[in-house]
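Have a look at the model first, then go through the points in order.

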Amino acid sequence: MPKNWTTLTRRDFLKGAVGTAVGASVAGPDFLKATKTPPAASLVTIVRNADAMDASNAVDSSVLKGMLDQTLTKFTGKATPKEAWLSLVTLDDTIGLVPTPHLNPTHSEVVDAVKTSLVAAGIPENKIVDAQGGPDKPKACTALIGLPGLKAHWLTGIGTVMKLYIMYSGSPRSYHDQNSAKLGEIWNYPFVKGKTKLVLVDALHPLCDKGPQVDPRYKWPYNGLIAGSDPVAVESVCLRIIMEKRKALRGEDWPLSPPPLCLEAADKTYGLGTSSWDNIRVEHFGWSDDLLLG
Amino acid sequence: MLGKLLDKFCFNTLFLVGFVLVLGMMQLSSVLKKGEGEKMTETKPVLPLAIGEWTRSDSPKTVTAENIFDYMNGAGELYLGYRFDRCDVYEYRAESQKEILVELYQMKTSDDAFGLLSLDWGGTAVDLDPGSLKADRTDAIWPRALYGEGLLRLRSGRIYARVMATQETPESREAVLSLGRAVLQGRESFSHPKLLETLPEVLSTGWELRRDRASYFRTHLVLNSLYYLSHQNILDLDLACEAVATLYEKEDSAQKRTRIQFLLVKYPDGKRAREGLARFSAAYLPEHPFVSGPGDSWEAMDTVSLEDGWMAYKLQGKRIFFVFECPDRKTARTLMEEFN
């Protein structure tokens, strides 16, 4: 029997040894691994508005614009959305917008709102491009704005932030299975690293189970935008919301299965940010019913 | 004249005999092709071109193993985790309503179609017999069609179908259920995997089967979505295997429900089962390694204390029974002795 069958198991999670185990279980060239210590504390904002969608789940674009403006100013501490954008990107940047393409996709209204807001900030329209797709997409950009839809994923636990760039690998299937822990390495590819200026999660109508295929029983109107520049912290907040919703649905703990190894590895191995709840500062604005932060 | 009549008689007789022979050969061929979980001839569903306000294009989009990831990204692994043949996709559109998507997953056996539905028994069981929408018949052990918030999931022979209204309205609900009836029209082939019959409803120790949590599957990716053991394939599962995961529950003295996780894997042969157990124990129980012995009838049983309670396994020919998260060793051992 091959000796390398000994591997990460449920018991490692129960022992609390996952961080170390994940670090040891993912392998790859050094340039893909952490090169700096994650920030001591990462800010993640949640802006919600109960009127963001109507009863038929149609998005109200004017309400959404207000939520986006508030997200930008609260996250950056700037006075206006324009100042906020210009603290994140420059007028010379080619800015790639990276939405979740299909199966619980990012609402087109969210993508449009971001594009309109960037143009209003003075970014030339022809410098704003759709950057979801193969590796050529990020190569053509100097800045990326991640716009994932919030969803659980049956292969990776959660399929929101860390999974957003999977097509940049050119071989997405190689990140299924146990290799999902390696999703973070894509963020360290030379043509991706450092380009992500903002992760803005479309949490208007998330999916808490069975993703990416949609099962409407597990979708609910959260009516939120979640933002941060630390992708791991943002994913951690997303994970908390998904877990709390699952618990609320069943009235008891309903663990995500499989557990999202990619999150721990993104922190411990790839140094993309912090997954430690103690090091994440969540600021919430607006509608507070069923905030689902535990 | 008589000669002509005889000629005609002979021709007709030969034609009739030939026709019967061809039919018989077709039937024989059909029977020969049928494997486990395929017991009845299946009629291909014919979906209406229009239903209520909705209409569809003439032909479906066909998704195969080659292009399934283009169609549904990583969700494709779920269907490839069963014996998948193809999926026919129909989109129904209407002027004043959002679209309805029909996905007909053609699986290679009815067990695989059952398995896909068994991954979630939630929703409302509906009876799609023409003319009625009452709750599922009480004599049906396992639901055949489940509806919830615009999504109908059903199994019929080798077909697993998802019929989903993008937005649930009274009209779209009726259309979805009508499409479900159309899928079932002329198809009466229902069955469940024999492996499920291994599961006792109630054990002598009072543990009760959670039928609503019983899932049938073949691969470790699906197992991990039900009960995580390892991202690696430590049980050496593949499409040649069959497995069932479920819960057994019992009320303790404080009237609190206690549950244990049950897992049964059936391998193609005893050798694979022994190797699977050896692989599992090396990864999961390094302190209690199982050493495979010679012979096809090798049997073994053990109980081990783990971080989340007691677990036990029993190797029995091609099958391995597991229980996890038992409150004590006696329970783990007693449970193992009851499963056969």
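1. Let's start where the two chains meet. The contact takes in 29 residues of chain A and 36 residues of chain B. On the chain A side, helix α1 (residues 10-14) gives the largest share, three residues. Sorted by class, that side of chain A has 12 nonpolar, nine polar and eight charged residues. Keep in mind that this is a predicted model.

2. Staying in chain A, look at helix α3 (residues 61-76) and helix α4 (residues 81-88), which pack with their axes 8 Å apart at an angle of about 55 degrees. That angle is why α3(A) counts as oblique to α4(A). Their crossing is left-handed.

3. Which residues make that helix contact? From α3(A) come Asp69(A), Leu72(A), Thr73(A) and Thr76(A), and from α4(A) come Pro81(A), Ala84(A), Trp85(A), Ser87(A) and Leu88(A). By class, this contact of α3(A) with α4(A) has five nonpolar, three polar and one charged residues.

4. Now over to chain B, where the domain assignment gives domain 1 (50-184) and domain 2 (194-338). Taken over C-alpha atoms, the centres of these two domains of chain B are 31 Å apart.

5. How do the domains of chain B touch? In domain 1 of chain B, 11 residues are in contact with 10 residues of domain 2 of chain B. On the domain 1 side, the elements giving two or more residues are α3 (76-80) and α4 (110-118) of chain B, and α4(B) provides the largest share, four residues. That side of domain 1 divides into five nonpolar, three polar and three charged residues.

Terms used
Residues are numbered from 1 along each chain as its sequence is written. Chains are lettered from A and ligands numbered from 1 in the order in which they are written. This is a predicted model: local features need pLDDT of at least 70, side-chain atom pairs count only at pLDDT 80 or more; totals for chains, interfaces and linings use all residues. Axes are lines fitted to C-alpha atoms, for helices over the stretch in contact, and angles run from 0 to 180 degrees between N-to-C directions. Angles under 35 degrees count as roughly parallel, over 145 as roughly antiparallel, 65 to 115 as roughly perpendicular and the rest as oblique. A crossing is left-handed if the near helix is turned anticlockwise from the far one by less than a right angle, and right-handed if clockwise. Two residues are in contact if their C-beta atoms, placed from the backbone, lie within 7 Å. Ala, Val, Leu, Ile, Met, Phe, Trp, Tyr, Cys and Pro count as nonpolar, Asp, Glu, Lys and Arg as charged, and the others, Gly among them, as polar. Domain bounds come from an automatic or database domain assignment.
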